[in-house]
Amino acid sequence: MTMTLRDIINKLLRRQPASASTARERLQLVLAHDRSDLSTELLDQMRKEILEVVAKYVEIDVDEGAVSLETEDRMTALVANLPIKRTMTGQIQLKEPTNQSEEETESTDQKS
Amino acid sequence: MATDTRVILICSGKGGVGKTTLTANLGISLARQGLTTAVLDADFGLRNLDLLLGLENRIVYTAQEVLEEECRLDQALVKHKQESNLSLLPAGNPRMLDWLKPDDMKRIVDMLKEQFNYVLIDCPAGVEDGFKNAMAASQEAIVVTNPEVSAVRDADRVIGLLNTNSIKPVQLVLNRVRPKMMANQEMLSIEDVTDILALPLLGLVLEDEQVIVSTNRGEPLTLNSVNSPAAKCYLNIAKRLQGENIPLIDPLEESSGFGAKFRRLMQTKIF
Ligand SMILES: Nc1ncnc2c1ncn2[C@@H]1O[C@H](COP(=O)(O)OP(=O)(O)O)[C@@H](O)[C@H]1O
Ligand SMILES: [Mg+2]
């Protein structure tokens, strides 16, 4: 996204941005949807499923996660922005392994 | 006989953005350069090209009679009074829309190609049959738009269709540019529109009251008022079509003085 000197001054003075930048942003959004023919329902469904898959592996901030369409040079991309929660020590928080085979090995470990 | 005729579709999606005005003025400008040019009114529902060229009283036959073989092509063509290199093929009855097929448009354009260097097709608004028929007969296209959200959005639809139908090149004309509003960033900039639509810019046309005056008279600006701001733009577009390297006017240069300098400063991109 580009910002001009006027945009910055408007921001500092808490004025409404000049309407051209609003027009540009609204167009970019609406065209990404027009070009992909994806309905908002489908996009929402996809967002939900993508979040579910990723949440299996890492702890993510579900409320902050966003999946959106972006378009540039007539190429449309599906962009997922999924903030990963960090542990106190700054490490990425991996999920406890939950699938069956792992549980089985754990239980055999306990027996021996 | 012309051998390498250029057949150019002039389209926009949205209505009222300036297709017919551009077709008329490009027709005159190209004819002025000595190029034989046919303008074909493909807006059968709401024909207007005859009126803009001041030829409405000289129509005897139309594209319809040519297709129905009730007359020869040269009987239907209306030669312009002052620019004899320019001819109009008028649109027929609106009921033509009921039966016209892409092949009919191709037949007409093939006939025109035998006689002219340029065939400019003034396209109807919308992306339905009228547009698709006209597109079927075209090789290249000029998309006309205004620096407004609805016009740009509709142009994008049309560009998508032109791309899937392998029309090329597709070039952009940005019409009704208001330098002062652009400088105040209250109008999408040239760069905004070309970036969003990802098309090369063939030219821009300034907002100009004289356009209305010339329409009233049925004399395109490029015919008699060549010094009006919009006329210069149209003439430049015609030259660029012919491969001349004419620099774009900078809309910010159009307004001068301290105010303009300040507005230019405010447009500086920070990031
Ligand atoms: N550069 C311009 N400056 C001022 N008025 C314009 C300009 N271009 C077009 N117009 C006006 O806009 C209206 C629509 O133009 P027209 O060429 O008929 O559009 P379209 O064929 O796309 O429907 C007309 O009233 C015309 O006079
Ligand atoms: Mg028109």
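Modeller: A pocket here is an open set of points on a 1 Å grid over the protein atoms alone, where a 1.4 Å probe fits and protein lies on both sides within 12 Å along at least five of seven lines. This is a predicted model, in which local features need pLDDT of at least 70, side-chain atom pairs count only at pLDDT 80 or more, and totals for chains, interfaces and linings use all residues. Residues are numbered from 1 along each chain as its sequence is written, chains are lettered from A and ligands numbered from 1 in the order in which they are written, and side-chain values use heavy atoms, with hydrogens and water left out.

Colleague: OK, which pocket does ligand 1 sit in?

Modeller: Ligand 1 sits in the second largest pocket, meaning that more than half of its atoms lie within 2 Å of the pocket's grid points.

Colleague: And how many residues surround ligand 1?

Modeller: There are 14 of them (each with a heavy atom within 4 Å), and the closest are G16(B), K19(B), T20(B), T21(B) and N175(B).

Colleague: What lies 2.5 Å from an oxygen atom of ligand 1?

Modeller: That is a polar side-chain atom of T21(B), while a polar backbone atom of G16(B) is 2.8 Å from an oxygen atom of the ligand. A nitrogen atom of ligand 1 is 3.0 Å from a polar backbone atom of D208(B); the cut-off for such N or O pairs is 3.5 Å.

Colleague: Changing topic, what is the strand order in the sheet?

Modeller: The open sheet of 8 strands in chain B runs 3-4-2-5-1-6-7-8 with mixed pairing, where pairing needs at least two DSSP bridges. Strand 3 (78–79) and strand 8 are the edge strands, each pairing on one side only.

Colleague: Parallel or antiparallel for strands 6 and 7 of chain B?

Modeller: Strand 6 (residues 140–145) and strand 7 pair in the parallel sense over 5 bridges, and V143(B) has L172(B) in strand 7 as its bridge partner.

Colleague: Where is the cis peptide bond?

Modeller: The bond from K168(B) to P169(B) is cis, with omega near 0°, and P169(B) lies in the loop between helix 8 (149–164) and strand 7 of chain B. Separately, E69(B) has a positive phi of about 60° although it is not a glycine, and its place is in the loop between helix 3 (63–67) and helix 4 (73–76) of chain B.

Terms used: Polar contact = N/O pair within 3.5 Å; in protein donor to acceptor, adjacent residues only side chain to side chain. 1 Å grid on protein atoms, 1.4 Å probe; cavity = no way out; pocket = protein on both sides within 12 Å on 5 of 7 lines; lining within 4 Å. Helix = DSSP H or I, 4+ residues; strand = E, 2+ residues; numbered from the N terminus.
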